[in-house]
Amino acid sequence: FSFSNSCVNIKHHHRRPNMTAEELRNLLSYNPDTGEFIWIVRPSKAVKNGDIAGVIDKRGYRTIGIKGKIYKAHRLAWLYVHGSLPTGLIDHINGDKSDNKIQNLRDVFADGNSQNIRKPNKRNKSGFLGVIFFQNKWRASITVNSKTQWLGDYSTPEEAHAAYLGAKRLHHAACTI
């Protein structure tokens with residue numbers, strides 16, 4: 001059993017846009033203070049030079065279509081400013097996926113990106129990150145080095161969340177909350 005190069009490329013295609021920083025800069029201008037891309041070269045009849053590029057996708061990221069391909073604006077911002085793609089993932093420091101100001105973006109590994117999650121996933125019924133309802137109590141837990149650590153059971157979800165945040169700040173170096 002072996003992987004072909006096409007499988008590997010498909011898996012990691014989002015990391016390797018088929019354009020250079022120079023090509024990007026010829027199509028779009030980028031304002032590092034606002035995080036907005038503006039069209040320099042009109043990509044279609046529906047878009048005018050000077051229009052803000054892209055749309056917000058269903059996950060909250062701004063995406064930009066260029067020559068039939070869809071790119072995430074935060075990755076394009078990194079390419080535009082630094083001239084090359086990041087070595088890891090781009091993390092939105094403030095947790096706002098549509099805020100592509102360059103000072104809000106950092107190059108992190110996958111664990112650093114996941115350590116900066118600020119909201120519980122949609123399946124979490126407690127409404128609090130790191131908290132579940134278990135046996136008539138609110139349980140707090142955190143994952144550190146791929147291992148779950150139980151932080152205790154609490155009377156309220158707010159108490160459990162406070163315990164989680166304390167542990168998060170201690171154990172998740174990339175956390176910004």
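Predicted model: local features only at pLDDT ≥ 70, side-chain atom pairs only at ≥ 80, totals over all residues.
Trainee: How many salt bridges does a search of the whole structure find?

Mentor: Happy to start there! A pair counts when a side-chain nitrogen of Lys or Arg lies within 4 Å of a carboxyl oxygen of Asp or Glu. Searching the whole structure with that rule gives a total of 3.

Trainee: Which strands hold Asp91 and Arg106?

Mentor: These two side chains meet in a salt bridge, with N to O at 2.8 Å. The pair links distant parts of the chain, 15 residues apart. Asp91 sits in residues 89-92 and Arg106 in residues 105-108, which are strands β6 and β7.

Trainee: Is Asp91 buried or exposed?

Mentor: Buried means under 20% relative accessible area. Asp91 has 4%, so the word for Asp91 is buried.

Trainee: How far apart are the closest N and O atoms of Asp99 and Lys101?

Mentor: Let's look at both partners. Asp99 is buried at 11% relative accessible area, whereas Lys101 is partly exposed at 23%. They form a salt bridge, and the closest N and O atoms are apart by 3.0 Å.

Trainee: What does the pair of Arg139 and Asp153 tie together?

Mentor: Good one to finish on! The closest N and O atoms of this salt bridge are 2.7 Å apart. Arg139 lies in strand β9 (residues 137-144) and Asp153 in strand β10 (residues 147-154), so the pair ties together parts separated in sequence by 14 residues.

Terms used:
Residues numbered from 1 in each chain as written. Heavy atoms only, no water. Helix = DSSP H or I, 4+ residues; strand = E, 2+ residues; numbered from the N terminus. Buried < 20%, exposed > 50% of the residue type's maximum accessible area, 1.4 Å probe, protein only.
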